[in-house]
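Please examine the structure shown below together with its sequence.

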Amino acid sequence: MSCYNIKNLIYLTLLNLIINYYSNVDATSHRLHQNAYPIKYNIRIKVHPEKNIELYEARVKIQIKIQEPSDKITLHSKVLQSITNITVLDVDSKIAHNASYKFESDKDFLIVNLPYKMNKDSEIVLKFYYNSTLKRIDSNSIVKRGFMITSYKEPDGRNESMISTGFSPFYARQCFPCFDEPSFKALFRLEIEHHELYNAVSNMPVESRVNIKGNDNFVRTRFEVTPKMSTYLVAIFVSKLKAYPVKNSSVPQTVYARSSKTKNEYLKFMINNLGKILQTFENLFQMPFSLPKLDHLVVPNYYSALENWGAIGYSENYLNDKFSHKYWNISVLFHEIAHHYFGNLVTPKWWSYTWLKEGFAEFYECEVEELLFPNYKNQLDFSVYYKQNDAFETDSVEETKSLNFYEESPIKVLEKFATFTYHKGAMIIRMFKHAFGADTWEKGIRYYLQINQHNSTEPKDLHVAIQKAYDEDNPKNSLDISKVMDLWENRNGFPNISVSLVNGNLRLTQENDFHPDLIYQVPITYSTSSDPNFNNLSTKFWMTTRTIEIKIFKDDWIIFNNQQVGYYKVYYDENLWNRIIDQFLANHRVINIINRMTLINALAEAVKSEMLDATFLLRLFKYFKHEDNIDIIKTAADPLWYLFSIQTLKPTNEYNQLKSELKITYTIAYEKIKHDELYEAIHNIACHLNVKSCTTDAINKMLLDFKIHGINIDPLHSYCNALQHANDSVVEMFYDFREPIIDKHENHTFFSDITCIQNPKLFKKSLNIFFENENHKKYFKEPPYMDPEKLFAGWTMTDATREGFISFLETNLKKLASESPELFSDLLFYGRNTFENDSERKQLRKIKKNAQKINSRINDEDLI
């Protein structure tokens, strides 16, 4: 799974689909008993991709050690109802018995009855024989998990099929009976029987490939035995993908992809750089890669990416994406290789600790990428800003659970794979690294990996390793690592630190929105005008009390949290904000890029919450005419949209001058990224400011889409940018192609798109066209079409739409008042809150009064 992600969308859709299956299951009944433990799996599976059929045949042997006297064994099995035989072999007596068994399908349990009670430390072998079916997936499949078959078409028209696996977090049970929990690590011997024209790839190197006697054209590929690992890491791929050896690698690495992709730039990058990437991880952790080979399979219709040990699977979409998104595309390579240390070599004991693999992979993905490709520093800065703010947004909701919150049911386990786990996990790891000392942290991580390799861990195991390193490097310091880290891992929310100037001193006060009595140990960093060293991420002091005061030079500005290294928010008083804004205006480059992004959004947040006056935000953005960092210009979009919406600022000369200056900034920015959809936020602002090249490009794209697709165009696609400064003919064409399909798609973007029109006369005309169709009135009364309040609020959001809206009411006063009095009342009612200008409110009162003369049924409530 990648650094800057589509993970959240994938997670949500996966969650929605699986919820129906698991919603009625007891949330506390899904854990396996600890009475037995797997030692080794021997798995033989026969598949038929050459026939493009789902059927497969399997034989599985599981060597098991009894942990406590038992007369039954419970393991996981799903979609394996066709088991024909289960036998139990007592290793001590060498006697085999047929076993009875039953399924508990609501928990995916397969309960095998033993012939008699087995003693502690005795060993048995369970043998299973069964047929089952592969899960068929295609490009439209949402849940791409389990034991899968997919079909695809080659450029020459040939249809091909291939087999793949994606078992994380609990889908191995769909392929073979197993102890499908991460702590049940075992050895695996895999054998795959398949047609000779196909190649099989698994976690380990091929040990042998032999023809099967009596089975023409079929071979058996046997793989070396794996080290101890969890079931979710088992990998099976059977395909005709071409092998591309990776250059200059410390262990053999191979990329498998379709031969038609040979000239693909992303594929070439993988071949040329995966060796360097793996070597950088090995050097950082001072630990050689733990397997004898590493394969990378680029698979049609595959899930985004999965870290199968020794055989990573990637979606072929990475090859299809524009390589201008190189940074975002290659991040996934670093992320999945990081998992070979965090998750594969050292595995969380249970999914409550998912952050021990996903948080670490997310963090070291970016750390190692910066070591190897320092020219991506700007993108990495944006990545830090994005991840921290994404985590803050989720962590600001009281219902959000802590990182270590215990969950059992499958649906709750899936929630552990939301981006919040990745991003908060990565951000607190980043904070701890610099709080304890970067060198000390890396030493502690090496201890953590060395001590726990091939085992499963809890956070306390991480604490012990970091403590060991810290004590060695700081023999006179008694810092308790567990005590520091515990609150960040086991509580939701984060510290909000308010900073105010009191009698010449700075007073800092910390609070947690959900735990009023909670006091964190917060590592504080800061920069001042007399010491503007934002690169110093070492802790200046630990804030361990509710309130603390520090001294600064009399006229210093001060900015806390250098490069947002700490997982906390800072709120400044007016005096301190004025000092910070003065520095932005004098020389913004003194302030670190990540801090600039954060401060712009923090000030907008303070204005929205009415902690500060809107003029603070207006004054800050005066510096923007000098800003040339493309990612800061991108992240400023939301604060700017908020600024544009503040009615009290619009009559001022300062506001109008600022918009003229912003237009210059966004003209330059747009020309740099005009063909890159990752910067859509810049496109939107540029078109709003009427940057000519932006509006022209948007209109031309819309017209081309209409020409190619007609009314079959995607109903969810927005053409807001094309409409903002369009002429009559463009607006009419928009109506011709979009209006006819409104009734077919309740989530159609038509309604929001027309609010983008910045010409009052054209907006009025669009309302006239819309209301000519009587059928459209249902959108104001009948769910689930749309929330009328949001609809009308959108129609009265901008100066242009309000002017057009009032003109529409005046022109259609008689018809609306006499024929549609309820609709007319609704138009007044829902739109009223956005009319803050006295002149506009006076016009609405007059319209209402005239309407009531025509029809007394017009609502008489004092709406305006």
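**A mixed sheet and the cysteines**

S498 has Y571 of strand β31 as its bridge partner. The model is a predicted one, in which local features need pLDDT of at least 70 and side-chain atom pairs count only at pLDDT 80 or more, while totals for chains, interfaces and linings use all residues. Residues are numbered from 1 along each chain as its sequence is written, and side-chain values use heavy atoms, with hydrogens and water left out.

Strand β24, residues 496–502, pairs with β31 in the parallel sense over 4 bridges. Strands here are DSSP runs of E with at least two residues, and helices are runs of H or I with at least four residues, both numbered from the N terminus; two strands pair if DSSP finds at least two bridges between them. Strands of a sheet pair through backbone hydrogen bonds, either parallel or antiparallel.

The open sheet consists of 4 strands in the order β29-β25-β24-β31, with mixed pairing. Because β29 (547–551) and β31 (569–572) stand at the edges with a single partner strand each, one side of each is left without a neighbour in the sheet. On average, neighbouring strands of this sheet are turned by 25° against each other, direction ignored (axes are lines fitted to C-alpha atoms, for helices over the stretch in contact, and angles run from 0 to 180 degrees between N-to-C directions).

Attention now turns to the cysteines. A search of the whole structure finds 2 disulfides, a disulfide being a pair of cysteine sulfur atoms within 2.5 Å. In sequence order, the bonded cysteines of the protein chain pair as 1-2, 3-4.

Another disulfide joins C720 to C756, with an S to S distance of 1.9 Å. Since C720 lies in helix α20 (residues 720–723) and C756 in the loop between α22 (750–754) and α23 (760–771), the pair ties together parts that are 36 residues apart in sequence. The torsion about the S-S bond of C720 and C756 is about -110°, so this disulfide is left-handed. C720 and C756 are buried.

C175 is buried, with a relative accessible area of 0%, and C178 is buried with a relative accessible area of 0%.

Terms used:
Buried < 20%, exposed > 50% of the residue type's maximum accessible area, 1.4 Å probe, protein only.
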